[in-house]
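I opened the model and went through it one place at a time. The entries below are in the order of looking.

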Amino acid sequence: MPAERKLISNGNPMEKIVGFSRAVRVGPFIAVGGTAPVDSDGKTVGVGDVRAQTKQCFEIIKAALEDAGSGLHDIVRTRVILTDIDNWKNAIEARKEYCLDARPVDTIMAINRFVNPEWLVEIEVDAYVQS
């Protein structure tokens, strides 16, 4: 019997336009897609401040995991995607506030830019819920 598939939304209007979910849970596995540093109105949080943006991303991720019946303690992988690799220390200092106990594996990488040029960081996580 296939595992139940649960789609997690945070109300972003682009979800229906583009065809994506904030997170998807299939059985015990949860994937949270590229999470941008935006508020509930879609405005960028912490313009110019990678630490504030990283924290905002993790607040959105935390809510998505909780909606999926999980939490930060279940994270097994993070991907921190930056527009400037020199910002990695500030981003990781913020990441530690959310991931220190779970100690997931991590990838840090840089790209040219995001869809919104105000974004300095996006974060993806994978989580696994113990039964």
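Entry 1, Leu-7. I listed the contacts of Leu-7 (contact means heavy atoms within 4.5 Å) and left out residues up to four places away in sequence; Ser-21, Ala-23 and Val-24 touch Leu-7. Leu-7 lies in strand 1. I took helices (H or I, at least four residues) and strands (E, at least two) as DSSP runs, numbered from the N terminus. Leu-7 counts as exposed, at 54% relative accessibility. For this I used the relative accessible area with a 1.4 Å probe and protein chains only: buried is under 20%, exposed over 50%, partly exposed in between. From Leu-7 to Val-26 I read 8.9 Å, C-alpha to C-alpha, for a separation of 19 residues in sequence.

Note on the source. This is a predicted model, in which local features need pLDDT of at least 70 and side-chain atom pairs count only at pLDDT 80 or more, while totals for chains, interfaces and linings use all residues. Residues are numbered from 1 along each chain as its sequence is written, and side-chain values use heavy atoms, with hydrogens and water left out.

I found Phe-20 in the loop between helix 1 and strand 2. Its relative accessibility is 31%, so Phe-20 counts as partly exposed. Beyond the neighbours within four places in sequence, Phe-20 is in contact with Asn-12, Met-14 and Glu-15.

Asn-10 sits in the loop between strand 1 (5-8) and helix 1 (14-19). Asn-10 is partly exposed, at a relative accessible area of 42%. Not counting residues up to four places away in sequence, I noted Glu-15, Arg-22 and Ile-60 as touching Asn-10. I also checked Asn-87, which is 77 residues from Asn-10 along the chain; their C-alpha atoms are separated by 27 Å.

I looked up the volume of the largest pocket and got about 610 Å³. Which of the 22 lining residues are the closest to its centre? They are Asn-12, Phe-20, Arg-22, Val-38 and Trp-119. The search ran on a 1 Å grid over the protein atoms alone; a pocket is an open set of points where a 1.4 Å probe fits, with protein on both sides within 12 Å along at least five of seven lines, and lining residues have an atom within 4 Å of a point. Points are joined across faces, edges and corners, and the volume is the space filled by probe spheres set on them. Helix 1, strand 3 (29-35) and helix 2 (50-67) each give at least two residues to the lining. I sorted the lining by class and got nine nonpolar, nine polar and four charged residues. Here Ala, Val, Leu, Ile, Met, Phe, Trp, Tyr, Cys and Pro are nonpolar, Asp, Glu, Lys and Arg are charged, and the others, Gly among them, are polar.

The 18 residues of helix 2 should span 26 Å at 1.5 Å a residue, and the end C-alpha atoms are 26 Å apart, which agrees. The expected span is 1.5 Å times one less than the number of residues. Buried residues of helix 2 include Gln-53, Thr-54, Cys-57 and Ile-61. Among the elements that cover the buried residues of helix 2 are strand 1, strand 4 and helix 3. Thr-54 is at 0% relative accessibility. With neighbours within four places in sequence set aside, Thr-54 is in contact with Ala-91, Ala-94, Arg-95, Val-121 and Ile-123.

I listed the buried residues of helix 3 as Ala-91, Ile-92, Ala-94, Arg-95, Tyr-98 and Cys-99. They cover an arc of only 160° around the axis, which puts them on the same side of helix 3. The arc is that of the directions from the helix axis to the C-beta atoms. The buried residues of helix 3 pack against helix 2, strand 4 (75-82) and strand 5 (105-110).

Arg-103 is in the loop between helix 3 and strand 5. Its phi is positive, about 45°, although Arg-103 is not a glycine. Arg-103 is exposed, with a relative accessible area of 71%.
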